[in-house]
Amino acid sequence: MDAPADEQPLPGRLGRLTPRQARRVRIVLASVLMAAMAAVLVVRLASRTSVLVVGVYGAALILCGIVIELSRNGRTRLGTWLLGVGLAAALAADWLLLP
C-alpha cells in the first residue's frame with residue numbers, strides 16, 4: 001500500500017522533508033516561539049508596565065497563531081516568511097520604541 005501523496009517526498013529531492021513533515025516542523029517552531037514571546041512579555045511587564053509592551057508582544061503572539069493556522073492549511077512557505085519578518089519587526093519595535 002502506497003503512502004498518501006502528502007507523505008511522499010517530491011521527486012528529485014532526496015533528503016528533503018515531506019510536506020506533512022514541513023507543516024509539523026513549522027507548527028512546532030511557531031508554538032515554541034509563541035511560548036518564548038509570552039515569557040518575554042511577562043518579563044517585560046514585570047520590569048515596566050506599558051500598553052506599548054503589550055501591543056508589541058501581543059502582536060507577536062497573534063502572529064505566531066496565524067503562522068500555526070497557515071501551516072495547518074498547507075501554506076508553510078508563506079508562514080515561514082511571515083514568522084521571520086514579523087518576529088524581526090517585533091524585536092526591532094522592542095529595541096526602537098520601548099525604552
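Trainee: Is N73 buried or exposed?

Mentor: N73 counts as exposed, with a relative accessibility of 58%. Buried means under 20% relative accessible area, exposed over 50%, and partly exposed in between, using a 1.4 Å probe and protein chains only.

Trainee: What kind of model am I looking at?

Mentor: This is a predicted model, where local features need pLDDT of at least 70 and side-chain atom pairs count only at pLDDT 80 or more, while totals for chains, interfaces and linings use all residues. Residues are numbered from 1 along each chain as its sequence is written, and side-chain values use heavy atoms, leaving out hydrogens and water.

Trainee: Where does N73 sit?

Mentor: N73 is in the loop between helix 2 and helix 3. Its C-alpha lies 8.6 Å from that of R23, although the two are 50 residues apart in sequence.

Trainee: How many helices and strands are there?

Mentor: The chain has 3 helices and 0 strands, in the pattern α-α-α along the sequence. Helices (H or I, at least four residues) and strands (E, at least two) are DSSP runs, numbered from the N terminus.

Trainee: And what share of the chain is buried?

Mentor: Buried residues are 27% of the 99 residues.

Trainee: Helix 3, then. What span should its 22 residues have?

Mentor: Helix 3 covers residues 76–97 and should span 32 Å at 1.5 Å a residue; its end C-alpha atoms are 30 Å apart, which agrees. The expected span is 1.5 Å times one less than the number of residues.

Trainee: Which of its residues are buried?

Mentor: In helix 3 the buried ones are T76, G79, L83, G86, L87, A90, A93 and D94. They cover an arc of only 120° around the axis, so they are on the same side of helix 3. The arc is that of the directions from the helix axis to the C-beta atoms.

Trainee: Why would residues three or four places apart point the same way?

Mentor: An α-helix has 3.6 residues a turn, so residues at that spacing point the same way.

Trainee: What is on the face turned away from the buried side?

Mentor: That face of helix 3 carries the exposed residues R77, W81, V85, W95 and L96.

Trainee: What do the buried residues of helix 3 pack against?

Mentor: They pack against helix 1 (19–47) and helix 2 (51–72).

Trainee: How do the axes of helix 2 and helix 3 cross?

Mentor: The two axes come within 9 Å and cross at roughly 175°. That makes helix 2 roughly antiparallel to helix 3. Axes are lines fitted to C-alpha atoms, for helices over the stretch in contact, with angles from 0 to 180 degrees between N-to-C directions; an angle over 145 degrees counts as roughly antiparallel, under 35 as roughly parallel, 65 to 115 as roughly perpendicular and the rest as oblique.

Trainee: Pick one residue there. What does L87 touch?

Mentor: Leaving out residues up to four places away in sequence, L87 touches L33, M37, A60, L63, C64 and L82, where contact means heavy atoms within 4.5 Å. L87 is in helix 3 and counts as buried, at 8% relative accessibility.

Trainee: And T76, what does that touch?

Mentor: With the residues up to four places away left out, T76 touches A22, R23, R26 and S71. T76 is buried, at 14% relative accessible area.

Trainee: Last one: which residues of helix 1 are buried?

Mentor: A22, R23, A30, M37 and L41 are buried in helix 1, and what covers them includes helix 2 and helix 3.
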